[in-house]
Amino acid sequence: MATSKLLQNRVGWYAARAGLADAAVAARAGMSRAHLNRIKNGRVIPRVGTAIALARALQVRVAQLYQLRRG
């Protein structure tokens with residue numbers, strides 16, 4: 001099974017919880033909205049530095065953004 005299928009991506013959930021639009025999250029994390037959307041939709045697994053930037057932008061830990069799926 002592909003790694004992207006094993007990870008539960010919660011970037012969008014935390015962004016919505018913080019009341020942040022994609023443009024704001026992308027700007028805070030220093031990336032384009034298009035790249036953020038690819039990450040949110042599971043088409044791209046971010047590199048470590050990008051995951052850290054997203055976590056900082058959303059004020060959560062990286063481990064909260066990506067968790068292994070069960071089952």
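Student: Quick one first: in which hand does H3 pass H5, left or right?
Tutor: H3 passes H5 in a right-handed crossing. A crossing counts as right-handed if the near helix is turned clockwise from the far one by less than a right angle, and left-handed if anticlockwise. Some ground rules: this is a predicted model, where local features need pLDDT of at least 70 and side-chain atom pairs count only at pLDDT 80 or more, while totals for chains, interfaces and linings use all residues. Residues are numbered from 1 along each chain as its sequence is written, and side-chain values use heavy atoms, with hydrogens and water left out.

Student: At what angle do the H3 and H5 axes cross?
Tutor: Roughly 120°, with the axes of H3 (residues 22-29) and H5 (residues 48-58) coming within 8 Å. That makes H3 oblique to H5. Axes are lines fitted to C-alpha atoms, for helices over the stretch in contact, and angles run from 0 to 180 degrees between N-to-C directions. Under 35 degrees is roughly parallel, over 145 roughly antiparallel, 65 to 115 roughly perpendicular, and the rest oblique.

Student: Which residues meet there?
Tutor: Val25, Arg28 and Ala29 from H3 meet Ala53, Leu54, Ala57 and Leu58 from H5. Contact means heavy atoms within 4.5 Å.

Student: And how does H3 pack on H4?
Tutor: The angle is about 105°, and the axes are 9 Å apart; H4 covers residues 33-40. So H3 is roughly perpendicular to H4. H3 brings Asp22, Ala23, Val25 and Ala26 to this contact, and H4 brings Arg33, Leu36, Asn37 and Lys40. Val25 is on the list for H4 and on the list for H5.

Student: Zoom out. How many helices and strands?
Tutor: Six helices and two strands. The order along the sequence is α-β-α-α-α-α-α-β. These are DSSP runs numbered from the N terminus: helices are H or I with at least four residues, strands are E with at least two.

Student: What share of the chain is buried?
Tutor: 31% of the 71 residues. Buried means under 20% relative accessible area, exposed over 50%, and partly exposed in between, with a 1.4 Å probe and protein chains only.

Student: New topic. How many aromatic pairs turn up?
Tutor: One, from a search of the whole structure. The rings of Trp13 and Tyr14 have centres 4.9 Å apart and planes at 90°, so they sit edge-to-face. Rings of Phe, Tyr and Trp (its six-membered ring) pair if their centres lie within 6.5 Å; planes under 30 degrees apart are stacked, over 60 edge-to-face, the rest tilted.

Student: Is Tyr14 buried or exposed?
Tutor: Buried, at 8% relative accessibility. Trp13 is partly exposed, at 47%.

Student: What lies over the face of Trp13?
Tutor: Arg10, at 4.6 Å from the ring centre. The test is NZ of Lys or CZ of Arg within 6 Å of the ring centre and within 35 degrees of the ring normal. Arg10 is in the loop between strand E1 (7-9) and helix H2 (11-18).

Student: What else does Arg10 touch?
Tutor: Gln64, Leu65 and Gln67, leaving out residues up to four places away in sequence. Its C-alpha is also 6.3 Å from that of Tyr66, 56 residues away in sequence.

Student: Last one: which residue has a positive phi without being a glycine?
Tutor: Gln59, at about 55°. Gln59 lies in the loop between H5 and H6 and is exposed, at 70% relative accessibility.
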